[in-house]
Amino acid sequence: MPKPPNAPRSGGGRRWLGRLSVLVSGILPLLALAAALHPEPGTQTPVAAVFPLTYSVEDTLQALSLTGARLVAPGGIGAVFIVQSNDPDLSDRLYKAGAWFLLNSTAAAWCQAAPG
């Protein structure tokens, strides 16, 4: 005998839980990586400041000039620069200048332009 069309389906809750677990297992490693690469607040080591990808080198340098940070090296693209400052509020100033995110000194080394 067929089930009525509006009868509850068996296993629906398990399917939902399975989909949720796949989503969480994909997001958690990304969050952990982002936390590991983010500089510690008040750090005085070099950081990679990543600005919008539509920024030219000139746009990025203009935004960085508002922060008082010292340029250490250019990044691999015009929207990324490695910067450093002795001021503990560098992160706040970079975000206010338009930086999308910051990477710690280990990740900053990966962002440097290739020699040559």
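Mentor: Read along the sequence, the chain runs α-β-α-β-β-α-β-α, which gives four helices and four strands. Keep in mind that this is a predicted model. The chain has 116 residues, and 29% of them are buried. Take the contacts between residues at least 6 apart in sequence: 65% of those join residues at least 24 apart.

Now zoom in on α2, which spans residues 57-65. Which of its residues are buried? They are Thr60, Ala63 and Leu64. These three sit on the same side of α2, because they cover an arc of only 100 degrees around the axis. The general rule behind that is simple: an α-helix has 3.6 residues a turn, so residues three or four places apart point the same way. Turn to the face of α2 pointing away from the buried side and you'll find the exposed residues Glu58, Gln62 and Ser65.

What does the buried side pack against? The partners are β1, β2, β3 and α3, with β2 covering residues 70-74. Leaving out residues up to four places away in sequence, Leu64 touches Ala49, Phe51, Ala69, Leu71, Phe81, Val83 and Leu94.

That brings us to the cores. The largest nonpolar core has 14 residues, and Leu64 is among those with the most contacts inside it, along with Ala49, Phe51, Val83, Leu90 and Leu94. At least two residues of this core come from each of β1 (47-50), α2, β3 (80-84) and α3. There is also a second, separate core of six residues, including Ala48, Val50, Ala73 and Val80.

Next, follow the chain on to α3, residues 90-96. Around there you get the charged side chains. The structure holds two salt bridges, and Arg93 takes part in each: one is with Asp87, where the closest N and O atoms are 3.3 Å apart, and the other is with Asp89, at 3.2 Å. Together, Asp87, Asp89 and Arg93 are linked in a network of salt bridges. As for cover, Arg93 counts as buried because its relative accessibility is 18%, under the 20% cut-off. Asp87 is partly exposed at 37%, and Asp89 is partly exposed too, at 35%. In general terms, side chains of opposite charge can pair when their charged atoms come close.

Last stop is the surface. Tyr95, also found in α3, is partly exposed, with a relative accessible area of 33%.

How values were computed. Residues numbered from 1 in each chain as written. Predicted model: local features only at pLDDT ≥ 70, side-chain atom pairs only at ≥ 80, totals over all residues. Heavy atoms only, no water. Buried < 20%, exposed > 50% of the residue type's maximum accessible area, 1.4 Å probe, protein only. Contact = heavy atoms within 4.5 Å. Core = buried A, V, L, I, M, F, W, Y, C linked by side-chain atoms within 4.5 Å. Arc of directions from axis to C-beta. Salt bridge = Lys/Arg side-chain N within 4 Å of Asp/Glu carboxyl O.
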